[in-house]
Amino acid sequence: MPHTSSPPAVLITGGATRIGAELSKGFAAQGWHVVIHYRSSGKAARELAASLPSAEVVQCDLSDDQAAARMIDQTAAALSDWRCLINSASIFRYDDATNLDPATNREAMQVNSLSPALMTQRFLASAKSAAVRSVINVTDMKLENPNPDFFSYTMSKHALSATIPMQAIAAGNSARIYGIAPGAILASHDQSEDETDVSHRLNLLERKTGPKEIVDAALFLAGGALKSGSTLFIDSGQHLLSQDRDVIYLARERAARS
């Protein structure tokens, strides 16, 4: 389990892979002690922790909300300066608005919204720090630019987003609650690299949004300088568009026509 640490600490769910790993490396580079949560990526988590100046790992299946709550309580008991919780872990499985899959929906709602809400509550109740504490929930630009693809995933991210202003009010001056809503950042689902390059430019600026932009936003929010309850969209303006399908499929449709 986590040990007492002198640097400011951050726990990042899903912190061993993809955007979570970028966040782990970014916070470590700025002097944070990083607690890397993983479900099944134990090897990647341990290798990443070993490469960072101050880090450790913790395993938990977020489909068990009580286990998730216990993880927060145990981490809070061990860390003397736990300033930030980043709810980054996410289930991203396909169903759509015409064919909702109940099992996919239950899993997405549990992992992507219920467990983060409970973990936020436990963090607010038990995490200790003399500095500003913050929770950062990673949502999605689909909050403003929805489409029928990945229906249960999108539904769960809307549910998570709804917790941000409510828990910000409940936290009062004791902590800040934030959201980061990314657009397309890394290859996802069954994309090839060529498809990724095309699909990730389907935004107002016609550019690829980089992982470092997410990391920089999270580091900024962790300092508590923005109004609690706020969400930052990091997507090169994608949320300002109206796209009737996920960019994965828009890119494929464009390629089929060319």
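1. On the basis of the numbers, residues are counted from 1 along each chain as its sequence is written. In this predicted model, local features need pLDDT of at least 70 and side-chain atom pairs count only at pLDDT 80 or more, while totals for chains, interfaces and linings use all residues, and side-chain values use heavy atoms, with hydrogens and water left out.

2. The model has two cavities of 30 Å³ or more, where a cavity is a set of points, on a 1 Å grid over the protein atoms alone, at which a 1.4 Å probe fits but cannot get out. Grid points are joined across faces, edges and corners, and a volume is the space filled by probe spheres set on the points.

3. The largest cavity has a volume of about 40 Å³, and its lining (residues with an atom within 4 Å of a point) includes Thr13, Leu62, Met119 and Lys157. Helix 4 (102–126) and helix 5 (151–171) are the elements that give two or more residues to this lining, and helix 4 provides the largest share, four residues; helices here are DSSP runs of H or I with at least four residues, strands are runs of E with at least two, and both are numbered from the N terminus.

4. By class, the lining of the largest cavity holds seven nonpolar, four polar and one charged residue, with Ala, Val, Leu, Ile, Met, Phe, Trp, Tyr, Cys and Pro counted as nonpolar, Asp, Glu, Lys and Arg as charged, and the others, Gly among them, as polar.

5. At the start of helix 8, a side-chain oxygen of aspartate 246 comes to within 3.0 Å of the backbone nitrogen of isoleucine 248.

6. Phenylalanine 150, in the loop between strand 5 (134–138) and helix 5, has a positive phi near 55 degrees and is buried, at a relative accessible area of 0%. Glutamate 206, in the loop between helix 6 and helix 7 (211–222), also has a positive phi, of about 55 degrees, whereas its relative accessibility of 60% counts as exposed, a word used for values over 50%.

Note on methods: On a 1 Å grid over the protein atoms alone, a cavity is a set of points where a 1.4 Å probe fits but cannot get out, and a pocket is an open set with protein on both sides within 12 Å along at least five of seven lines; lining residues have an atom within 4 Å of a point. A polar contact is a pair of N or O atoms within 3.5 Å; within protein, one must be able to donate a hydrogen and the other to accept it, and residues adjacent in sequence count only if both atoms are side-chain atoms. Buried means under 20% relative accessible area, exposed over 50%, partly exposed in between (1.4 Å probe, protein chains only).
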